[in-house]
Structures are given as structure tokens and as C-alpha cells.
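Biologist: I have a model open here and would like to go through it. Can you take my questions as they come?

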Amino acid sequence: MSDGDESGGKPISKKTRTIRVDTLARVEGEGALRIELVGGRAERVELRLFEPPRFFEAFLRGRSRTEVPDITARICGICPVAYQMSSCHALEAAAGVVVDGPLRELRRLLYCGEWIESHALHVFMLHLPDFLGYPDALAMAKDHGDLVRAGLRVKKAGNSVVSALGGREIHPINVKVGGFYRAPERAELDALAAELEWAARAMRDMLPAFTALEYPALERDYELVALRHPSEYPFCEGRIVSSKGLDIDVREYPEHFVEQQVPYSTALHSRIRGRGGYFVGPLARFNLNADRLSSPARDAAAALGLEPPVLNPFKSLPARVVEIVEALHEALRVIAAYRRPTVSAVELPVVAGIGHSCTEAPRGILYHRYAIDAAGLVEDARIIPPTSQNQGTIEDDLRAIAPDLARMPLDAATHRAEQAVRNYDPCISCSTHFLRLEIVER
Amino acid sequence: MAGNVRKNRRKPKLGVFKFASCDGCQLSLLDCEDEILAVGAAVEIAYFPEATSTRIAGPYDLVLVEGSITTPADAERIRAVRAQARRLVTIGACATAGGIQALRNFRDVAEFRSIVYASPETIDALATSTAIAEHVPVDFELRGCPVDKRQLLEVISAFLNDRRPNVPAHSVCLDCKMAGRVCVTVAHGTPCLGPVTHTGCGALCPRYDRGCYGCFGPVSGANTSSLAAMMSAQGATSPELVRAFRTFNANAPEFRAESEKHDV
């Protein structure tokens, strides 16, 4: 980071001040943030993504639908299960097949594993250091060793679920369109229970550490968007609903959401047609589905002082904590009730069709749409990751806090901007971890 | 890390750099839940943006590079990274073979741009996605999509102690034989890339009743044409053979050559 770096350009005026942060660390992807202030007001806020485009939607064309979950997993090493789940559900919808019963339960279990590991990574290793004033979890561990070690063990419990069911933590190999290549034996899942139970207790014991944190003040009139299921906290199914009255079938997604290319980023920005930016992820899910939480997760929310509406984006951290509790409880429920199915996957008819799906990735709704031809090959693919949906909202948050940033000393401003971006746990490898903050004041 | 640097021996400096990739291979380091605190005690994590805000300038004793080269700017950046690295190890299929994004190498990148972006002219991308070793000298390549975290720890430990990493280089097929596992191809007719694929995963897929799909890329001396002939005898069509060799290691020479034979 360097102060007064005007290399390559003329100072705009004598009062120009450029604050530049070369890397915004602890964000998964690459990017930069540029804020232009005029008379204390944020005139322009640009979150630039530098992650080189990888063209998934293009090279999926002509691939067999059976290969899709293995390919889309590679979009993101942090949430591969989400990509696999959205792919499978959309491809099954295109073939007119619904996967139910124990296979559906196993998918929920796999997703719980990913939520636990991804949320624990973000909460304990990436975001908590911001709140406690450390550059990273290793430095934090010197003063808060018990917290870091417990967080790592919770994360590991989540990863154990993914690797038992998926074969490995990153890019699981056992997910198949229609179900799984092999359904686990009961004993393989039973072996996971003790650590999940330990993690559930540990999370409960750690709640006071999260209530003691200082959450910066910020509240905006967000449109929160999440899935809503008639009876469950959402993972793979439900209608897309918002805090401002949106209530649509997943198939209607393209009619209500639009993607825009912006010149400073390789990630496309999403908007709700006729309205604007919106907010997806744990805080949106919590606000829209708090009544669907299990009783341990409700108790955790109450202990954390969370009651909808919660419109401070910094409260995404405790919302993630509540969701870890929910996912641990749900995982234990699925394991306790598990009966090994007789077939590991539903056979799909080879038919042409179009399928849509939305599932709740750890970072928010992940939309996939595929057009499949009569030979079972992909004709067209559309993938809209949560981070690109949140990008406009992240920029708006920064616009809201920009005047405060301008008044802060450089180090504090940088730190606060990074903390605000990390509210969204942006996984920039979606197009795209690191951002550069530039504040130009005139 | 601002720990106790004042010891007899200076802690070696580790840098982790990312190019075009999914972040999964560097995440493997954070997935070492039982070892990460010990790694942090043994090395100075001087540059690792996915994990820390600390940024200490090079040179670095060991640099891990994830990702492939896909833009003109990255082709420049990797040279600067190499110049700061005493040892440079590439991790994962993107860095060692170009990754899944190397599928563009077989197609027209302008067409790819226009499929994804409304204003394709503003997107700066090279026509190819290539391995790091095609741009700068590399001291060791660790394969996998993703890498195996135990192998990653072994490589870090080896380079920090100036010894060669103990990373086997036989085929996935041999792993199954050594484990006494029933062959999915012989017993069930399931296509399997195990005979031509580099070990590293522990022959995971056959344990889950599926054939290997080549995450670790070609084993040295891979007899891909013999395997393709067998797959073809079992009913695989030419397009299916092309697709089988064109995934995460599509641009690895042995896999590329085999896929091109069937791409007619």
C-alpha cells in the first residue's frame, strides 16, 4: 500500500489524494477497489475484478451432461459442491426428473459439509481477524489460540463430511447427475457424528466471543434475496423470494434478473429488473428464513441478538455462525435417519430440454440454466455466481461508507474497506482474491 | 508474520501467488487444519493474499504458484514472481498444464469471449491458457486438480529442508493393483483413465465405483493410444474419446496429442 501514489497520471487537483491498497487480502480471486470522492461524497465506486476470464459457459457447449458437475466444480475451489448441486438440479429439471428420498437427503448432507467448512474458513480464518485487529488467523492464534484451534476443528468436521461423501474436500468425485456414483454405507456416515456433535457444542460455547465483537454501524435499505422452501431452511429447492415482495419460480429468474458488463471488471453485475442491486448470502437467508431454522440455530440467533430484520451487513458474520449451527444440526439429523438407498442414482432419460436451478451456495444463490440437445450434450449454459450478484451491493456499501473512509487515517480506512468487502465473503474466483483500494479525493 | 524472528536461524519466507484458477489448490494449504499452525510457526508466510493481509516484499525462499497464464499481463507478472523466488513450485493442473481453461486452446478465443460477454472487445485474454513452465523455469511441478494436501505439505517440507520431495510418479492403475482393488474396467466395463494418469489421489474414483477421469494428468510414458483403442472397442465414440482426454489437463502434451487423434 502506498500513500500519494499518482504514478502514471497527473494529480487531478492540489487536493487530490490517492489511497491505494495493492491487494485486498483474504478474499478468494483478484480485484481492486477504486473510490472517487468529490466534496466528501462518493462520486464513483468501482470494484474491479482482475481475475482473467475462464470462459466456462463457452467451453461447456458440446460437453456431455454427465461431465457437467465435474467441470463446473472447477469454477470455485471454495464452494465446488454448490456448483455441482446447481448443475445436477438444472440438468435433472431439463430431463424432467426429480431426485428424492435418501439421495436428496445425502445431497443436503453434502451441502451441510460445504457450508460448515466454507463458513468456518471465512468466520475464523478470514473475517474474525478484521474484527479483532489482526492481519490473519495465524497472528490471531498467538492471542486467541483456543478460538482459532476450535474454529479449525469445526472446519475440519465440515470437510470430513464432504470427503466421506464426496471422496475429497475439494472437487468431490462422487457427485453424479441423478445422485451419486456410490451411496455411502451407514457406518461411513456414523463415523462423522462424534466430531459434528463436538462442533455443535463448541459453537455454542463460542457464542459469547461473537456477541462481544464491535460491529461497525451501517444500515441500508437492501433488497434481500434468497430461496424459500415450504418447510426447510433452504439448500437446493424453493422459490426465489425477496424482502421487497419478489416471489418467483426458479424458472422465472431470467425475466427478473439481468446481468450487465461493466468496463472495469471481468465479472458481470446483476440487477433486479427495474429496481437495482440486491443482497444474497447468509444474512439474506437468515432474514427471509429465520422461521425455518432448527431450534439450536434459533437459540444461537437469540444468544447473538439477531432478530429479523437485521440490515447491518457486518452482521453477516454472526449470521454465518447461526448457519454453521444449523448445518451441524441438519447434518446430524440426516446421518441419524440415514438408510442406504438401493440405487445410488436415478437414471435420466436422454431427451432434449431446458433446465433451471438455483441452490444456496455458502455465499448466496447460484443460478444455472442449461439447454440440452437430444443426444444429451450441452447446447447452451448460463451460470450466475453469488459474488457477481452481490457486487453492485458491495459497491453501494462502500459508497455509503466512503465519506467516513476519507476522514480516517490511511491504515484504518483500508482496514475498514476490506472488512466491509469481506462481509460478503466474496469468492472472486467466480469470474475470478485480491483487491486494490484506491481513494481519489477532489 | 510478526512472530519471533529473532532466532538463530531466520525463518524461510513463503510466498503464494495466484494466476487463472479456482483457488482450490492454495485452499488445500488452509485445509490442513491440523498442520497449518505448525506451518505458520516453521515459515514466515510473507505473501499469501487468500490467507493474510500481511505482505512482505521478496525475495522469497519458496514460492508456490497456482493457476495458468491466460493474459498478456500475467505473462509479464510470472517473470517478476520468478525473479523473486529462490525456489518456485507450481501446484495444480492449471499451473502444470493450463487447467480446464486450456479448452480454449482448441477453439477460437474470440468466439468464447462473445459467448460470455456482451462487449467482448474489452476483455483482454490470450488465445491460449498455458502452464507456468512454458514461461519461466520451474523447480518442481505438483500435479492434481486439486493437489493432494499431504503431498503439498511434503513438497513444502522438502524444499525448506533442501531435499527432493518424496512424491511418487506411477500410474493410478498401479495404486488399485497395490491396494488389491477390483478393476472397474475389467469387472464392470467402466471406462477408466487410471492406466495413463499420474498418481496422487490414492485412486479415489474406483473406490467410489467410477472410472478415473484424469485429474492428475498424464503419467510419464502414458500409453494413451492403447487405452483409447480399448475404450473404443468397448464402445466409446470419437467425440467421447476427445472429451475423455480434454478436461483439466487437456493441454498436457500426451493428453493433447491423443485427443487430437480423435478430433476429426
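Biologist: How many helices and strands does chain A have?
Modeller: Chain A has 13 helices and 15 strands. This is a predicted model.

Biologist: What share of chain A counts as buried?
Modeller: 58% of its 442 residues.

Biologist: And what is the average pLDDT of chain A?
Modeller: The average is 88, and 88% of the residues score at least 70. In residues 1-29 of chain A the pLDDT is below 50, though that stretch has 84 contacts beyond near neighbours in sequence. Residues 429-435 of chain A are also below 50, with 50 such contacts. Where pLDDT is low, the predicted coordinates should not be read in detail.

Biologist: Changing topic: how many residues does each chain put into the contact between A and B?
Modeller: Chain B gives 50 residues and chain A gives 49.

Biologist: Which helix supplies the largest share on the chain B side?
Modeller: Helix 1 of chain B, with five residues. Helix 2 (36-42), helix 5 (109-116) and helix 9 (204-207) of chain B are among the elements that give two or more.

Biologist: What is the make-up of that side by class?
Modeller: On chain B, 27 nonpolar, 12 polar and 11 charged residues touch chain A.

Biologist: Which domains are assigned within chain B?
Modeller: Domain 1 covers 13-160 and domain 2 covers 172-262. Their C-alpha centres lie 25 Å apart. The contact between them takes 16 residues from domain 1 and 13 residues from domain 2.

Biologist: What classes are on the domain 1 side?
Modeller: Six nonpolar, eight polar and two charged residues. Helix 4 (residues 93-97) of chain B provides the largest share of that side, three residues.

Technical notes: Residues are numbered from 1 along each chain as its sequence is written. Chains are lettered from A and ligands numbered from 1 in the order in which they are written. This is a predicted model: local features need pLDDT of at least 70, side-chain atom pairs count only at pLDDT 80 or more; totals for chains, interfaces and linings use all residues. Helices (H or I, at least four residues) and strands (E, at least two) are DSSP runs, numbered from the N terminus. A residue is buried if 20 or more other C-beta atoms lie within 10 Å of its own, exposed if 12 or fewer, and partly exposed in between; C-beta atoms are placed from the backbone. Two residues are in contact if their C-beta atoms, placed from the backbone, lie within 7 Å. Ala, Val, Leu, Ile, Met, Phe, Trp, Tyr, Cys and Pro count as nonpolar, Asp, Glu, Lys and Arg as charged, and the others, Gly among them, as polar. pLDDT is the predictor's confidence in each residue, from 0 to 100. Domain bounds come from an automatic or database domain assignment.
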